[in-house]
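Let's take a walk through this one together. Have a look at the fold before reading on.

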Amino acid sequence: MAPLSSSSIRHRVVAGVVLSAAVAALSGCYVAPIHHPVPAPIVVQAPAAPAPVTLAVRLYPANDQATPFGMVHAVVTNDLHGRGTFQASILGENFVGEATRKAGSSREGLASGSGTRGGYLSCQYSMNSATLGMGSCRLSSGALFTMHVGG
């Protein structure tokens with residue numbers, strides 16, 4: 001093997017010193033990712049809105065004008081926000097309207113419907129529970145009915 005020249009030794013020594021300095025300088029460093037991890041999205045589920053409740057309503061004759069009609073079936077669909085729809089059929093005339101609670105009351109309400117032949121039906125009721133109540137209805141002809149809700 002040929003002996004190394006002094007300039008070659010000098011270059012090797014300088015390279016070794018530079019390499020040692022670089023190793024010493026990097027020994028206090030650490031590797032960090034370039035991109036920050038994205039946190040998983042937070043999913044918040046809103047509570048499901050309560051489904052409307054449909055209640056069967058029965059109207060029983062309460063005077064002589066109502067007797068020919070017999071018992072009448074009706075339906076109230078409560079949206080659970082103090083309002084609902086009201087439907088009844090009396091001798092082929094369909095009555096459609098709404099039911100609402102009286103202002104400031106969680107129990108008392110009114111139900112009204114207009115008929116397909118120009119008649120109207122007006123009811124007042126009081127609820128004993130969320131699904132049971134009673135009241136009275138008056139047909140535009142003067143017929144009176146006792147109203148039973150639910151059950």
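Which residue in β8 does L59 stand opposite? The residue is M147. Before going further, a word on the ground rules: this is a predicted model, where local features need pLDDT of at least 70, side-chain atom pairs count only at pLDDT 80 or more, and totals for chains, interfaces and linings use all residues. Numbering starts from 1 along each chain as its sequence is written, and side-chain values use heavy atoms, with hydrogens and water left out.

Now back to the strands. Strand β1 (residues 53–61) and strand β8 (residues 144–149) run antiparallel, joined by five bridges. Strands here are DSSP runs (E, at least two residues), numbered from the N terminus, and two of them pair if DSSP finds at least two bridges between them. Eight strands close into a barrel, going β1-β2-β3-β4-β5-β6-β7-β8 with antiparallel pairing. From one strand to the next, the twist averages 25°, with axes taken as lines fitted to C-alpha atoms and angles running from 0 to 180 degrees between N-to-C directions.

Seven bridges hold strand β6 (residues 120–127) to β7, and the two run antiparallel; Y125 sits opposite G135 in β7. A hairpin of five residues takes the chain from β6 to β7. Next, β7 and β8 make a hairpin with four residues between them, and G142 in that turn has a positive phi of about 105°. Six bridges join this antiparallel pair, with S136 and T146 as bridge partners.

In a regular strand the side chains alternate between the two faces of the sheet. Buried means under 20% relative accessible area, exposed is over 50%, and partly exposed is in between (1.4 Å probe, protein chains only).

There is also one aromatic pair. The rings of F69 and F145 have centres 6.1 Å apart and planes at 40°, so the pair is tilted. (Rings of Phe, Tyr and Trp, its six-membered ring, pair if their centres lie within 6.5 Å; planes under 30 degrees apart are stacked, over 60 edge-to-face, the rest tilted.) F69 is in the loop between β1 and β2 (72–78) and F145 in strand β8, so the pair ties together parts 76 residues apart in sequence. F145 is buried, at 1% relative accessible area.
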